Amino acid sequence: ETFAKRLKEIMTEQNLSPKELATQIGVNASTISNWLSKKTTPNISCLPKLNKALHVRTNYLLGLDDKKR
């Protein structure tokens, strides 16, 4: 739940659509939509790509701490 909430928050802050983020990290837009709707969570190999694209730490995305960068 925390992951989806934080992902949505960051995407909104950065004005990123699911399609734009999907293109940046090499997944389908439906994958991002599934993450946002809490249907699925990213596999481990996507986390570094998300960090790079969104400029946030993995621990922040996963709700393990509150430091974004």
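**Close-up 1. Helices α1 and α3 pack against each other in this predicted model.** Helix α1 (residues 2–13) meets helix α3 (residues 29–36) at an angle of about 120 degrees, and their axes lie 8 Å apart. On the α1 side, F3, A4, L7, K8 and M11 contact I32, W35 and L36 of α3 (contact: heavy atoms within 4.5 Å). By class, this contact has 7 nonpolar residues, 1 charged and no polar ones. The model is predicted, with local features requiring pLDDT of at least 70 and side-chain atom pairs pLDDT 80 or more, while totals for chains, interfaces and linings use all residues. Numbering starts from 1 along each chain as its sequence is written, and side-chain values use heavy atoms, without hydrogens and water.

**Close-up 2. Here is helix α4 (residues 47–54) with its buried residues.** L47, L50, A53 and L54 are buried (under 20% relative accessible area, with exposed meaning over 50%; 1.4 Å probe, protein chains only). Seen down the axis of α4, they fall within an arc of 130 degrees, so they line one face of the helix. P48 and K52 are exposed on the other side. The cover over the buried residues includes α1, α2 (18–25), α3 and α5 (58–61). After α4 comes H55, with a positive phi near 60 degrees.

**Close-up 3. Now for the largest nonpolar core, which has 18 residues.** Such a core joins buried Ala, Val, Leu, Ile, Met, Phe, Trp, Tyr and Cys residues through side-chain atoms within 4.5 Å. L7, L21, W35, L50 and L54 touch the most other members. Helices α1, α2, α3, α4 and α5 each supply at least two core residues. Leaving aside residues up to four places away in sequence, L21 touches L7, M11, L16, I32, L50, A53 and L54.

Methods: Axes fitted to C-alpha atoms, helices over the stretch in contact; angles between N-to-C directions. Helix = DSSP H or I, 4+ residues; strand = E, 2+ residues; numbered from the N terminus. Nonpolar A, V, L, I, M, F, W, Y, C, P; charged D, E, K, R; others polar. Arc of directions from axis to C-beta.
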